Structures are given as C-alpha cells and as structure tokens.
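Please keep the sequence and the coordinates at hand while reading.

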Amino acid sequence: MKEIAGERANYAPYFGRGLIQLTHLSNYKSYGDFRGFPRTSPSTAFPALGWNPDALIAADNRGTHHADNCVDSACFYVVRRENMLSHLDAGTSQADVIRVSNDVNGYVAIQNLNGLEARLQSAIHLKYFFLEDVSSSGSESIGFAWRRNSQKEAVLDAQGRPVLSGTPPRPRTQYVLAHHTINVSLTRQVP
C-alpha cells in the first residue's frame, strides 16, 4: 500500500500510496479534490496538500492503511488516465501488459518500467485462472526485454570510463536493457 523507501524518493513526501500508487503532489491534489477531502489545518508533513495521505491512504505496509481509499485511489487513477480502462480490457498478451504498465508508470523506455517481470507473471496467472484453463502444461515460458539489473548502472564513454554530470560531478546512471526469459509455473496452489 506504500512505496518501499518512498521517503527517499525525490518526490517525497508525495511518494506512492494505494493499490496503483499515487505519486507526486499533483496527483494527490487531484485525488483529494475528487474526494472532497477537507483542507483543514495544513499538516507539517504535507503543507502543500492540506490533508494527510498517511491517515487517509496508507502510512505503512504493516496494516496502517485505509483500505477503501487505497482501492478508490487506484480506481480514480484508472479512470483519470486516458484510455487506460480500454487498455486493461484489451487482453492478456505481453504487449497488453506493457501498454498498461506504461499507463501506470508513464510512457517511459521499457527498462524504466517498474515491476515488469511481476506484472507479466501475474497476467499469465490471471489469464489461466479467469479462463479456467485446467488443460495447460505445467508452465509457460515468456521472453521479454527489460532492465539488466534492479539498480541503475554507470553510463560509460567509448573508452569505458564513467560519464560524469552535475555539480559536484557524479557518474550518470541508467537502467541497461537486456533480454530475459522466465518460466511461469501454472501449478495450482492450494491452502
């Protein structure tokens, strides 16, 4: 319900909260206006907002969240994002999952999409579950291009040296695109 390590994000304190995590002050303002959250005394933690997302959406991942608002904020986001609802209804192909992932994360290079491997695996599980396909084999293999590592890597010049930028100069970093293949187990889980 809350973005892991969101407090360290450059958009903190307006980091991800909810099922489809609202991020950035503008999205919080839009959601608060939609819900009519009262702008009571401005919180010291959220002075530009006037209401407290920790109390009204989610404070942590240990259960301190407002379940209805976590779901409602996700629905708000889906409806507000142009064509996202039709993209969600389009299908379960890899291209469909990537299109919806772009709707959620912004239209970024594929290596910058968050959680793509988990989204692709979830789509496969949901496809077999909702279609009640019990005749499938034990797994489905998918190949996709995505980031090579979970951490950004240094950008290197033609001589293999890190490219520096900023003041003070620091190595520029980016996610590096690589090809992955994963096998998604279709074995039904029982409690």
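**Rings, cores and a helix**

The charged end of Arg17 sits over the ring of Phe15, 4.1 Å from its centre; a charge counts as over a ring if NZ of Lys or CZ of Arg is within 6 Å of the ring centre and within 35 degrees of the ring normal. Arg147 likewise lies over the face of Tyr175, at 3.8 Å from the ring centre. The model is predicted, so local features need pLDDT of at least 70 and side-chain atom pairs count only at pLDDT 80 or more, while totals for chains, interfaces and linings use all residues. Residues are numbered from 1 along each chain as its sequence is written, and side-chain values use heavy atoms, with hydrogens and water left out.

Rings of Phe, Tyr and Trp (its six-membered ring) pair if their centres lie within 6.5 Å, and planes under 30 degrees apart count as stacked, over 60 as edge-to-face and the rest as tilted. The rings of Tyr14 and Tyr28 have centres 5.8 Å apart and planes at 55°, so this pair is tilted. Because Tyr14 lies in the segment before helix H1 (25–35) and Tyr28 in helix H1, the pair ties together parts that are 14 residues apart in sequence. Helices (H or I, at least four residues) and strands (E, at least two) are DSSP runs, numbered from the N terminus. Both tyrosines, Tyr14 and Tyr28, are buried, that is, under 20% relative accessible area, whereas exposed means over 50% and partly exposed in between (1.4 Å probe, protein chains only). Ring pairs link Tyr14, Tyr28, Tyr31, Phe34, Phe37, Phe46, Trp51 and Phe76 into a cluster.

In the largest nonpolar core, which has 18 residues, Tyr28, Tyr31, Trp51 and Ile57 touch the most other members. Such a core is a set of buried Ala, Val, Leu, Ile, Met, Phe, Trp, Tyr and Cys residues joined through side-chain atoms within 4.5 Å. H1 and helix H3 (67–80) each supply at least two residues of this core, and H3 gives the most, with 5 residues. Apart from it lies another core, of 14 residues, among them Leu120, Ala123, Tyr128 and Leu186.

Helix H6 (residues 116–130) has as its buried residues Leu116, Leu120, Ala123, Ile124, Lys127 and Tyr128. Seen down the axis of H6, these fall within an arc of 125° (taken from the directions from the helix axis to the C-beta atoms), so they line one face of the helix. The face of H6 turned away from its buried side carries the exposed residues Phe129 and Phe130.
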